[in-house]
Structure formats: structure tokens, C-alpha cells
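I opened this entry to keep track of what I looked up, item by item. The sequence and the structure come first, and my notes follow.

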Number of protein chains: 2
Amino acid sequence: MPGEPRVGDVFGELLRDVYAVRSGTGPRPLAGGRLPRPVIEVIERDDGLIYGAPADHYLAEPDEWQPYDHRAVDRARGAVLDIGVGGGRIALELQRRGVAVTGLDVSAGAVEMCRRRGVRDLVLATVDEHAAIGPRYDTFVLLGNNLGLLEGRDRAPAFLAALGALARPGAEIIAQGSDPYRTTDPLHTGYHRANRARGRLGGQLRLRLRYREFGTPWFDYLVCSPEELAELVHGSPWRLTDVDTADAPYYLATLRLAD
Amino acid sequence: MPGEPRVGDVFGELLRDVYAVRSGTGPRPLAGGRLPRPVIEVIERDDGLIYGAPADHYLAEPDEWQPYDHRAVDRARGAVLDIGVGGGRIALELQRRGVAVTGLDVSAGAVEMCRRRGVRDLVLATVDEHAAIGPRYDTFVLLGNNLGLLEGRDRAPAFLAALGALARPGAEIIAQGSDPYRTTDPLHTGYHRANRARGRLGGQLRLRLRYREFGTPWFDYLVCSPEELAELVHGSPWRLTDVDTADAPYYLATLRLAD
């Protein structure tokens, strides 16, 4: 089977090159050794769909953000856990505002990049591993579509329980998602149908990320409607208290720890 | 095996979306139905390397071209065959200059795109198929790295013979290549070594192109040094008369039909 990637820290490799291009320092990806190349993240879906996306946004400054990111950051209060801290763009802005923020990621390269860029409090772990340590937070932010970490019906209860274990009374989750059902593209509507036929949520994407020679294992990432989110939250330690759809199909969901 | 693409006209699909984005007409690729997405061509190499490249350049206007493309077009004379006409950027400029040009491509979508953009003379065929029909040309242009169509030692003699059969006396081939050996990236130098160990030329890339749900079969595409090109041309109906390296590592090779 030709063309199989090496399993590695795809996201860390990608971030390192985005940083090199943005900052103009270190070895940069070049075409034929001379023309600068944009850094492109490759996303494969298990039905054979492939998508290349410019990765520059991972290190976007606040003036380059989408409006919902600003509204999310405005809502963060108390001790904040930035889940999937990535290149640190959100954590750095929270720090600038004097908010106490901890950045969490499973990518060693992402944590290293955050440290280099000045994020002070960092954890290399899953939410489950971090919950076992025992710290507590007032706000959890899941931005950059990271509501997707709910994965689907199987994983969501454990994920929300882990955040419950990490939560102080009155804590909130502020999560950004996208409604996947606003498309008529048969490539996507057909995928949603096939997912449902297998007992999965329509937008429960099975993906693999690739960059240069590296690829992740296949994993589930959830793109769900606010209605589906409400179902997933039902029975968890959380209540869905607000869905901000001002930038539909993108939305910000607020979940509050049940009393 | 999850993630396998459908075999289809990858290049035609890609061009259609590039055209839609450039012209602002027709269905355009959008993120979540709202934000515009750049069209990205995904290139897989058989060692697992993957590369996403913005595809906008396929429809670039002359003022966006690299300098060597202008020098190539300046050298075309008489009846010209544009091999791998793609989106027609070179053929359209030749037409504007009053040069008689025929565009050849194996992608039905590329030929359709050229027709839509105003290229008048088009052929959907390989060079071998076209040679069997019997037309004759004074200049063959192989731009956009299309020297790569030589593939390697196995294919080059037949490819050069087909162009010989299509050539009028004194005909020239103007082909753009890139020297692959100006890199120290171990990902590439290791690939070159592994290729040579299998009896292939170092830069004889085994590739597959992907866009959305479509992929090409795996094929060979040659990136070679001017010295390797000289070897491949030896014994063919052609003589290598000039290598213009003003934009190294990119170069323009001129081959002239032997008397």
C-alpha cells in the first residue's frame, strides 16, 4: 500500500512551520528551495474526501479572528482551562487581559509552541488525565470547532463528566461548533445519511490529519447541530443555557454546571 | 481501508472550482457554507509524504506568472502544441499574440475549461494518440513543470519519439523543469536515494493527485537535473540545445529536432 503516512505529532509539526512562516525565523517550507509555500493542513475523511486548509489561522492575532472568538473570550471568567490550546492564540489573549488561563493539549509540539510564544501555564494531557490530577476551573473554552472533541454519543458522556470533575460550582463551558446540516452538497448529505445508517450522529466525522510525512490515527470529531448538542448534554453534569447563533452556521454554546 | 478516493477527473474538478473562485460565478467551495475557501490541490507521494498546494496559479494571468513562463512564450513560433494545456493560461496568451496554438490534455475537464475560456483548438488525448492522427508542429511547450511528463528512463524514449513524429523540420521543444537536488531536506534526499536503489532516477516521483472525493491512479512524474535530461535526450530524435537557469532551481530546456 503506497502512500501511508508515519504516525506522528502532525499538529506540532504543522504549528512549527506556521510559526516559521509567520515570524520569518527558522527553516521554512519552500517550493523548489526558493518560493515561499503556505502551510496547508490536510484533512482526510473516511469516505475518501480530502481537504487542504491553510493553517495560518492557528496563530491568528485577535484582529484576524472571527467575531465569535471575541465573544467567547469576553465571556471567560475566573480560572480558565483552554482545551485544545493549539498554538495558544486564545490563551495569549486571555493572559493579556489578566485572566488566569491553563492551556491543555495532547500535542507535545503544540505545548512547546505555546511555551515559546509565552503561555505560562501548560498541561500535556487529555481532559481525563487532567481530571485525575484534581485542579478546578471556572471556565472551559473549546474554540476552533473544538466542540468536536465530544466525538459522538459514545464519548460525550465521559468527556462532559471529566469536565464536571474539573469544575468549580457555577462553572461554564464555552464551546464553538458549526451546524453541519446547512449544506445541500450531496457529498456531505450522503455522508450524514451513511453515518445515521450506522447509528452515528450525522456529522460524526471520522478523520485523519496529515502534514508532510506524518499522519494521525483515524479519530472521531463531532460537528453537530444545537439540537443534537442538547441531547448529548442531557443526563450530564451540565445544562445547555445559551446558543449564540449570530454567526450561523457557526455557534457558541454555553453550558453551566448543574447545581 | 478507509479514506480511499474515487478515481476521477481530479484536475478537471479542481479547475472548475478555481474558475468559480476567480470569476465569482457558479457554486464555489465554502467553509460551513459561508466563508470562502481557497482551492487546494493535494499531492501524495508514495513514501507517505503529502502536500497541499493552492491551485489558483493554474488560471494565473500573465502578470502573475513566474519570469521563465514569459521567456518560454516569447520563444514559441510557428504552429505550437501546448502539452498539458491545463486551464489554458499559456494557450490564451499565445492566441492573444496571434500564434497558432493547439491545446492538448488528457483531462476532459481541463479541455472543457479551456473551451469555456476561449482556447479555440483543443485535443483530448495523450501525445501518442495525437501523433497517430498525423498533425505537425513547429514548437512544443511543456510548462508548469511538465517536463515531468518524461516520467523516467522507461517512458522518456517513447514520449520524445511521439513528439518527433509530431515535429516539422527545425521544430523545438521548450520545457520547464526544476532541479530536485538543491535541497538538504532529508525527506527529499532520502527519497532520491531510495529511488536510485530501485534503479529509478532520483527525482522520479511516484504521485497521486487528490481533490475532494476524487483521486488519480498513481503515476510517475519526473523532476530531473539538466544533466539527467541530457542523458534522457541522448539517442532520441532531439538535441538539447539550451538550458536557461536564470531562475534556478527552475529551468527552461530547449530541444531541437535533429536534422
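For the entry on side-chain contacts I need one cut-off: a polar contact is a pair of N or O atoms within 3.5 Å, and within protein one atom must be able to donate a hydrogen and the other to accept it. I also note at the outset that this is a predicted model.

**Asp244 in chain A.** With that cut-off in mind I looked up Asp244(A), whose side chain reaches the backbone nitrogen of Ala246(A) at 3.0 Å. Asp244(A) is found in strand 14 of chain A, which covers residues 238-244. Is Asp244(A) buried or exposed? I find it at 11% relative accessibility, and because buried means under 20%, Asp244(A) counts as buried. Leaving aside neighbours within four places in sequence, I list Arg71(A), Arg75(A), Tyr250(A), Tyr251(A) and Leu252(A) as the residues in contact with Asp244(A).

**Helices 1 and 4 of chain A.** I then turned to helix 1 (residues 10-23) and helix 4 (residues 108-117) of chain A, whose axes come within 7 Å and cross at roughly 30°. Since angles under 35 degrees count as roughly parallel, helix 1 of chain A is roughly parallel to helix 4 of chain A. Among the residues that meet there I noted Phe11(A), Leu15(A) and Tyr19(A) from helix 1 of chain A, and Ala110(A), Met113(A) and Arg117(A) from helix 4 of chain A.

**The sheet in chain B.** In chain B I traced an open sheet of seven strands with mixed pairing, in the order 8-7-6-9-10-15-14. Strand 8 (122-124) and strand 14 (238-244) of chain B stand at the edges with a single partner strand each, so one side of each is left without a neighbour in the sheet. The twist averages 20° from one strand to the next. Within this sheet, strand 6 (residues 79-83) and strand 9 (residues 137-142) of chain B run parallel and are joined by three bridges, and I see Leu81(B) opposite Phe140(B) in strand 9 of chain B. Helix 2 (residues 67-75) of chain B packs on the sheet, touching strands 10, 14 and 15 of chain B, and its direction makes about 15° with that of strand 15 of chain B. Helix 4 of chain B also packs on the sheet, where it touches strands 7 and 8 of chain B, and its direction makes about 165° with that of strand 8 of chain B.

**Relation of the chains.** Last, I checked how chain B can be laid on chain A: a turn of 180° with a shift of 0.0 Å along the axis gives an RMSD of 0.0 Å, which is the relation of a two-fold axis. In chain B the C-alpha nearest the axis is that of Gly52(B), 2.8 Å from it. The same surface serves both copies, as 100% of the contact residues of chain B recur in chain A.

Note on methods. Residues numbered from 1 in each chain as written. Chains lettered and ligands numbered in written order. Predicted model: local features only at pLDDT ≥ 70, side-chain atom pairs only at ≥ 80, totals over all residues. Heavy atoms only, no water. Helix = DSSP H or I, 4+ residues; strand = E, 2+ residues; numbered from the N terminus. Buried < 20%, exposed > 50% of the residue type's maximum accessible area, 1.4 Å probe, protein only. Contact = heavy atoms within 4.5 Å. Least-squares fit on C-alpha atoms with pLDDT ≥ 70 in both. Pairing = 2+ DSSP bridges. Axes fitted to C-alpha atoms, helices over the stretch in contact; angles between N-to-C directions. Parallel < 35°, antiparallel > 145°, perpendicular 65-115°, else oblique.
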